Amino acid sequence: MTISQRVTAAVAALLLSLAGIFVISSPAAAAVPGSCANNSVCGFVDQQFQTTHGYEWVAGTPGSCQNVGLNDSWTSVYNNAGRTVRLYRDANCGNGVWTLTSGDSLRNMGLYQPSWNDKISSVRMS
Ligand SMILES: [Ca+2]
C-alpha cells in the first residue's frame, strides 16, 4: 500500500465506525419525542431519558416560572414544549443555567456541566 492508499483506508474505516455509532444511537433519540408529552419540558432522574428512577412532564404557561416537582433531580431533559425553555438552578427561576430551543435536549447534564446535574429547580417557557 502507498501512503495515500493507507490514509484512504483509514478514513474509510473511520467513516464506517462513525456510521455504526449513528445507527446505534438513532433509536434512542427517536424514542424521546413520543414519550415526552406535547407542550411540555420533560425531566428525567436518569441520563439518556430513562424513566426507571422517576420523570415528570412540566406543561408550562408561556412566560410563567414553574418550580419542578422532582427538585434537584434532573439528569436528562427533553424540550417538547414547542418553544424555548430556560432551566434554573434555584426555585422561582433564579440562577438560570441553560436555554433549550424547541426539540433540544440534554442527555446527561453531568457531562455538560457537572454542577448542574441534580440541581434544576424551575423552568420557564418563552
Ligand atoms: Ca436547585
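**Entry 1: Tyr78 and its partners**

I looked up the bridge partner of Tyr78 in β7, and it is Ser105. This is a predicted model, so I read every pairing here as a prediction. β4 and β7 are joined by 2 bridges and run antiparallel. Next I turned to β1. There, Cys42 stands opposite Tyr78 of β4. β1 and β4 share 5 bridges, again antiparallel.

**Entry 2**

Phe44 has Tyr55 as its bridge partner in β2. I noted the general rule: strands of a sheet pair through backbone hydrogen bonds, either parallel or antiparallel.

**Entry 3: is β4 buried or exposed?**

I checked burial along β4 (residues 76–80). 5 of its 5 residues are buried, so the strand is largely enclosed by the rest of the structure. I then sorted the side chains by direction. Ser76, Tyr78 and Asn80 point one way, and Val77 and Asn79 point the other way. Both sets are buried. In a regular strand the side chains alternate between the two faces of the sheet.

Which residues does Val77 contact, leaving aside neighbours within four places in sequence? I found Val41, Cys42, Gly43 and Phe44 on the list. Leu87, Leu100, Ser105 and Leu106 complete the list. I then looked at the largest nonpolar core, which has 20 residues. Val77 is one of the members that touch the most others, along with Val41, Cys42 and Val123. β1, β2, β4, β5 and β8 (122–125) each supply at least two residues of this core. In soluble globular proteins, nonpolar side chains tend to be buried together.

**Entry 4: the other sheet**

I moved to β5 (residues 85–90). It is joined to β6 by 5 bridges, and the two strands run antiparallel. Tyr88 stands opposite Gly96 in β6. Here 4 strands form an open sheet in the order β3-β8-β5-β6, with antiparallel pairing. The edge strands are β3 (65–67) and β6 (94–100), and each pairs on one side only. I noted the twist as well: it averages 30° from one strand to the next.

**Entry 5: the whole chain**

I stepped back and counted elements. The chain has 2 helices and 8 strands. Along the sequence they follow the pattern α-β-β-β-β-β-β-β-α-β. The chain has 126 residues, of which 24% count as buried. I also checked how far apart in sequence the contacting residues are. Among contacts between residues at least 6 apart, 62% join residues at least 24 apart.

**Entry 6: where do I read with care?**

The average pLDDT of the chain is 82, and 73% of the residues score at least 70. Over residues 18–30 the pLDDT is below 50. Beyond near neighbours in sequence, this stretch has 1 contact in the model. Where pLDDT is low, the predicted coordinates should not be read in detail.

Terms used. Residues numbered from 1 in each chain as written. Predicted model: local features only at pLDDT ≥ 70, side-chain atom pairs only at ≥ 80, totals over all residues. Pairing = 2+ DSSP bridges. Buried ≥ 20, exposed ≤ 12 C-beta atoms within 10 Å, placed from the backbone. Contact = placed C-beta atoms within 7 Å. Axes fitted to C-alpha atoms, helices over the stretch in contact; angles between N-to-C directions. pLDDT = per-residue confidence, 0-100. Core = buried A, V, L, I, M, F, W, Y, C linked by C-beta atoms within 7 Å.
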